[in-house]
Amino acid sequence: MPAPTLPLTGSCRCGRVHIRITAPPLMTAACHCRGCQKMSSSAFSLTAMVPTGALEVTQGEPVVCGTHGPDQDHMACPYCMTWMFTRVTGFDGFVNVRPTMFDDMAWFAPFIETMTSAKLPWVHVPAQHSYDAWPPMDQFETLMADYAARG
Ligand SMILES: [Zn+2]
Ligand SMILES: [Zn+2]
């Protein structure tokens, strides 16, 4: 998996909201949970976990969509309602950015997959680590170190 060329720029479906990240992701993931299936209108969602300060909204004003707290806020373009990123309440370590927003996705592959208990039977994601629920929080540090050290 090649490293992304920074900064990475991206936008929503209609192009009214633009984002940019200025640091490489700490980890990447695919999530098979029912919420992600509904919000992505597909089999699973994709995530790039980006250090919070490294995500900038460079055009437009994202609004809350999906779940409106208390644990997390999903953020969308106010016009086309594309789900662009997710902020976890009270946690400023990283923000979950939807990598399908980026102009360049060639670098992206999911390193872990979560909630495989809800995975559609025909789906195969080539992730290095699979979890039938959520990874325990105390495993994130090790997982991120593994991700940083990947080929
Ligand atoms: Zn839009
Ligand atoms: Zn999910």
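## The zinc ion (ligand 2)

In this predicted model, the zinc ion (ligand 2) is held by the SG atoms of Cys31, Cys33 and Cys36, which coordinate the ion at 2.2 to 2.3 Å. Along the chain these donor residues follow the spacing C-x1-C-x2-C, and two of the residues named here, Cys31 and Cys36, are buried.

## The zinc ion (ligand 1)

The zinc ion (ligand 1) is coordinated at 2.3 Å by the SG atoms of Cys12, Cys14, Cys77 and Cys80, and in sequence these donors are spaced C-x1-C-x62-C-x2-C. Cys12 belongs to the loop between strand 1 (8–11) and strand 2 (18–21), while Cys77 belongs to the loop between strand 7 (72–76) and strand 8 (83–88), so this pair ties together parts of the chain that lie 65 residues apart in sequence. Both Cys12 and Cys77 are buried.

What arrangement do the 4 donor atoms around the zinc ion (ligand 1) make? The arrangement is tetrahedral, because the angles subtended by these donor atoms are 107 to 113 degrees. For comparison, the ideal angle for four tetrahedral donors at a metal is 109.5 degrees.

## The annotated domain

An unreviewed UniProt entry carries the annotation "domain: CENP-V/GFA", which covers residues 8–108.

Terms used:
Residues numbered from 1 in each chain as written. Chains lettered and ligands numbered in written order. Predicted model: local features only at pLDDT ≥ 70, side-chain atom pairs only at ≥ 80, totals over all residues. Heavy atoms only, no water. Donors = N, O, S within 2.8 Å, 3.2 Å for Na, K, Ca; no water. Buried < 20%, exposed > 50% of the residue type's maximum accessible area, 1.4 Å probe, protein only. UniProt positions renumbered as here; feature names shortened; annotations may be inferred. Tetrahedral: all angles 85-135°; square planar, octahedral: opposite > 155°, others 65-115°. Helix = DSSP H or I, 4+ residues; strand = E, 2+ residues; numbered from the N terminus.
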